[in-house]
Amino acid sequence: MIDDGSCDEMEEEDLGYQGKTKTDSSVYLPLLCILFYLRDHLTKAALQHHLKILMVATKTSIRKLTSVHNLLSKYRHLKTTIKKTFVCRLKDCNSHLVLDDKKVPVEKQPCGHKYTNNRSSDCYILQLPIAEQISYYIKTYHNKQQKSTSPSDDPDTRSDVNSGGNYRKLQEAGVIDENTITTQINTDGAQKFKSSKFGIWPLMGIINEASFKTRRSCIILLALCYGNKKTTRDTLLEQAIEELKNLQKHGIEVNGIIYKVPVLIISTDTVARPLVRNLTQFNGEFGCDFCLHPGEQVPKGKGSVRVYPQPNSYPTFKPRSMEQHKKDLELVGMLKNKPVHGIVGPNPFQKLADFDHVEAYVPEYMHSCCLGVFKMFIKLWTDKKHKKEKWYIGYYLAVINARLSQAKPPYDISRTID
């Protein structure tokens with residue numbers, strides 16, 4: 001697989017690259033100073049002393065390094081208010097902690113557990129104002145660039161989210177117009193270090209109407225959860241969904257124009273999807289996120305796995321739908337929270353009006369195609385140890401390679417088969 005680096009591109013104008021190489025000291029030295037200032041919690045006086053030492057040592061004439069004011073003024077527009085909510089460290093407790101006047105958790109908490117002041121083991125959620133980030137995008141990009149991802153006039157063309165069938169239906173129904181900014185949401189967990197028990201769960205969004213390059217450099221960070229345990233659904237989503245609900249209903253006013261901000265797509269991997277949707281895991285009964293296939297448990301090694309074989313009968317298992325979800329959710333309540341068709345309880349995205357939270361979940365591209373199952377299929381199809389199997393296609397590799405070499409993927413596909 002080849003990565004052409006396009007996913008690392010940022011808006012050059014925003015960081016001061018314009019007309020310069022990205023290794024120019026006038027670009028990276030100010031950014032390194034900002035990083036040092038933020039990372040080590042320097043006072044402005046200490047930062048000023050650091051800049052003086054840097055000026056003497058490097059004999060540089062970079063204007064941004066001449067004073068703290070000149071350095072910080074370039075990035076003041078990026079400053080925002082971040083809400084920090086502490087969560088109990090115990091794995092079976094997700095209570096929010098009570099803070100004192102200094103915004104530090106008190107020792108005795110209402111949940112009955114004791115808080116010890118150890119910053120390295122804190123569990124918390126950082127909540128960023130979504131409206132401010134959307135407003136920044138509109139002022140900086142939305143009104144200055146032609147929408148390079150606008151739907152084609154050809155109804156048979158499919159090139160992006162906003163040339164898809166559902167997007168066009170919403171346009172025809174008047175739900176989406178020129179003053180609508182639609183988003184897609186993603187979340188995934190990552191360990192701090194391979195050997196660490198602490199992990200990070202960011203909740204992010206991108207804007208469908210933005211150009212591909214702008215999407216990558218203007219990612220919206222809705223929330224970030226850090227701790228020694230997997231985040232819970234309510235902990236990660238509760239505050240963000242309330243703000244999304246308000247943005248969808250009332251919109252955001254920028255330069256006298258009110259923009260509505262609905263959510264269209266939720267993209268997560270197979271592990272995070274049941275957490276967000278409040279369904280059974282992929283390895284449980286009815287663990288398929290897209291249809292009502294119950295699956296079958298088959299032995300594997302010393303244990304077993306759940307598989308979803310293609311049924312021989314017709315019709316196949318019905319796809320999940322909003323109507324089916326509502327019926328099953330009513331049964332869950334009547335059966336005292338016993339799962340029905342894999343549904344454990346309410347979906348937090350149900351709070352968003354006129355949002356199809358069933359169809360909004362789509363197969364996730366990176367894990368479904370670039371990694372995981374697709375890679376496994378390639379090995380099964382081409383590995384010589386399977387040459388006696390019906391699925392083996394290793395004899396046709398020359399033909400396959402010739403066809404792949406003739407394929408011309410669009411510019412926003414940053415990974416291709418060499």
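User: Before we start, what does "buried" mean here in terms of relative accessible area?
Analyst: This is a predicted model, so the label is computed from its atoms. A residue over 50% counts as exposed, and one in between is partly exposed. To be called buried, a residue has to have a relative accessible area under 20%.

User: Okay, is F286 buried or exposed?
Analyst: Let's find it first: F286 is found in the loop between α9 and β11. Its relative accessible area is 17%. The cut-off for buried is under 20%, so F286 is buried.

User: What is the phi of F286 near?
Analyst: Here's some background: most residues other than glycine have a negative phi. F286 is a residue other than glycine, yet its phi is positive. The value is near 60°.

User: F282 is in that loop too, so what does F282 count as: buried, partly exposed or exposed?
Analyst: F282 is found in the loop between α9 (272–277) and β11 (296–300). Leaving out residues up to four places away in sequence, F282 touches T270, V271, G287, R306 and Y308. Its relative accessibility is 36%, and because that falls between the 20% and 50% cut-offs, F282 counts as partly exposed.

User: How far apart in space are F282 and T270, C-alpha to C-alpha?
Analyst: These two residues touch. Along the sequence, they are 12 residues apart. In space, C-alpha to C-alpha, the distance is 6.8 Å.

User: Where is N255, and is it buried or exposed?
Analyst: N255 sits in the loop between β8 (252–254) and β9 (257–259). N255 is not a glycine, but it has a positive phi of about 55°. With 63% relative accessibility, which is over the 50% cut-off, N255 counts as exposed.

User: How far apart are the end C-alpha atoms of α2?
Analyst: Helix α2 covers residues 25–39, which is 15 residues. At 1.5 Å a residue, the helix should span 21 Å. The distance in the model agrees with that: 20 Å.

User: Which helices are included in what covers the buried residues of α2?
Analyst: The buried residues in α2 are S26, V27, L29, P30, C33, I34 and Y37. In an α-helix, residues three or four places apart point the same way, because there are 3.6 residues a turn. The cover over the buried residues of α2 includes α3 (44–58) and α4 (68–73).

User: And which residue with a positive phi follows α2?
Analyst: Most residues other than glycine have a negative phi. The residue in question has a phi near 55°. That residue is H41.

User: Is Q324 buried or exposed?
Analyst: Q324 has its place in helix α10 (residues 322–334). Not counting residues up to four places away in sequence, Q324 touches L292, K318 and H341. Its relative accessible area is 15%, which is under the 20% cut-off, so Q324 is buried.

User: Which strand supplies the largest share of the lining of the largest cavity?
Analyst: The structure holds 3 cavities of 30 Å³ or more, and the largest has a volume of about 70 Å³. Its lining divides into 5 nonpolar, 5 polar and 2 charged residues. Both β3 (123–127) and β7 (220–227) supply at least two lining residues. The largest share, 3 residues, comes from β7.

User: Last one: what percentage of the residues in the protein is buried?
Analyst: The protein has 13 helices and 13 strands. It contains 418 residues. Of these, the buried ones make up 37%.

Key
Residues numbered from 1 in each chain as written. Predicted model: local features only at pLDDT ≥ 70, side-chain atom pairs only at ≥ 80, totals over all residues. Heavy atoms only, no water. 1 Å grid on protein atoms, 1.4 Å probe; cavity = no way out; pocket = protein on both sides within 12 Å on 5 of 7 lines; lining within 4 Å. Points joined across faces, edges and corners; volume = space filled by probe spheres on them. Helix = DSSP H or I, 4+ residues; strand = E, 2+ residues; numbered from the N terminus. Nonpolar A, V, L, I, M, F, W, Y, C, P; charged D, E, K, R; others polar. Buried < 20%, exposed > 50% of the residue type's maximum accessible area, 1.4 Å probe, protein only. Contact = heavy atoms within 4.5 Å. Expected span 1.5 Å × (residues − 1).
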